[in-house]
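Me: I would like to learn how to read the features of a structure one at a time. Please give the general idea, then the case at hand.

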Amino acid sequence: PKKENGFVYCTLGDSEDSPCGWIREDYIFINPAWYVAEKDTKVYAWNDVDAPKVALLDKGTRLPVLKEEGDWYLVSLRGAVGWIHK
């Protein structure tokens with residue numbers, strides 16, 4: 001993708017008349033890895049099981065993985081982030 005000054009040029013289709021434009025790269029994922037909850041899963045504020053819980057995922061919930069660190073995944077929660085223990 002074309003990148004410039006923290007922005008990425010995006011097209012929403014394959015035809016010449018598809019909508020297109022620039023968007024901040026912080027707001028998009030390019031080929032993200034995905035986490036799929038195999039059971040009800042706790043999401044923590046930081047990568048520690050003693051951290052406050054910020055969400056509880058239902059089995060089957062699918063979220064993009066932003067980072068993998070040791071036994072933890074940092075996931076995107078629709079505008080927020082949280083940590084899931086592997």
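Me: Where does Asn5 lie?
Reply: Asn5 sits in the loop between S1 and strand S2 (7-11). The model is predicted, so to speak of a local feature requires pLDDT of at least 70 and side-chain atom pairs count only at pLDDT 80 or more, while totals for chains, interfaces and linings use all residues. Residues are numbered from 1 along each chain as its sequence is written, and side-chain values use heavy atoms, with hydrogens and water left out.

Me: What is the phi of Asn5?
Reply: Most residues other than glycine have a negative phi. Asn5, which is not a glycine, has a positive phi of about 50 degrees. Arg78 is another non-glycine residue with a positive phi, near 50 degrees. Arg78 belongs to the loop between strand S8 (72-76) and S9.

Me: Are Asn5 and Arg78 buried or exposed?
Reply: The classes rest on relative accessible area: buried is under 20%, exposed is over 50%, and partly exposed is in between (1.4 Å probe, protein chains only). Asn5 counts as exposed because its relative accessibility is 70%. Arg78 is exposed as well, at 86%.

Me: How many helices and strands does the chain have?
Reply: There are 0 helices and 9 strands. Read from the N terminus, the order of elements is β-β-β-β-β-β-β-β-β.

Me: What does the radius of gyration say about the chain?
Reply: The radius is taken over C-alpha atoms, and the globule rule is 2.2 Å times the number of residues to the power 0.38. For 86 residues a compact globule would come near 12 Å, whereas this chain has 16 Å. The C-alpha trace spans about 50 × 25 × 20 Å along its principal axes. Of the 86 residues, 23% are buried.

Me: Which residues make up the largest nonpolar core?
Reply: A nonpolar core is a set of buried Ala, Val, Leu, Ile, Met, Phe, Trp, Tyr and Cys residues joined through side-chain atoms within 4.5 Å. The largest one here has 9 residues: Tyr35, Ala37, Val43, Leu57, Leu63, Val65, Val75, Leu77 and Ile84. Another core, of 5 residues, lies apart from it and includes Tyr44, Ala51, Trp72 and Leu74.

Me: Which residues does Tyr35 touch?
Reply: Contact means heavy atoms within 4.5 Å. Leaving out residues up to four places away in sequence, the contacts of Tyr35 include Leu57, Leu63, Val65, Val75 and Ile84. Thr41, Thr61, Arg62 and Tyr73 are also among the residues that Tyr35 touches.

Me: Where is Trp46, and what is it in contact with?
Reply: Trp46 is in the loop between strand S5 (41-44) and strand S6 (53-57). Beyond its neighbours within four places in sequence, Trp46 contacts Ala51, Pro52, Trp72 and Trp83. Trp46 is partly exposed, with a relative accessible area of 46%. Its C-alpha atom is separated by 17 Å from that of Tyr35, 11 residues apart along the chain.

Me: How many salt bridges does the structure hold?
Reply: Side chains of opposite charge can pair when their charged atoms come close. The criterion is a side-chain nitrogen of Lys or Arg within 4 Å of a carboxyl oxygen of Asp or Glu. The structure holds 3 salt bridges. In one of them, Lys3 pairs with Glu25, and the closest N and O atoms are 3.6 Å apart. Lys3 lies in strand S1 (residues 3-4) and Glu25 in the loop between S3 and strand S4 (33-36), so the pair ties together parts 22 residues apart in sequence. Lys3 is exposed at 51% relative accessibility, and Glu25 is partly exposed at 33%.

Conventions: Helices (H or I, at least four residues) and strands (E, at least two) are DSSP runs, numbered from the N terminus.
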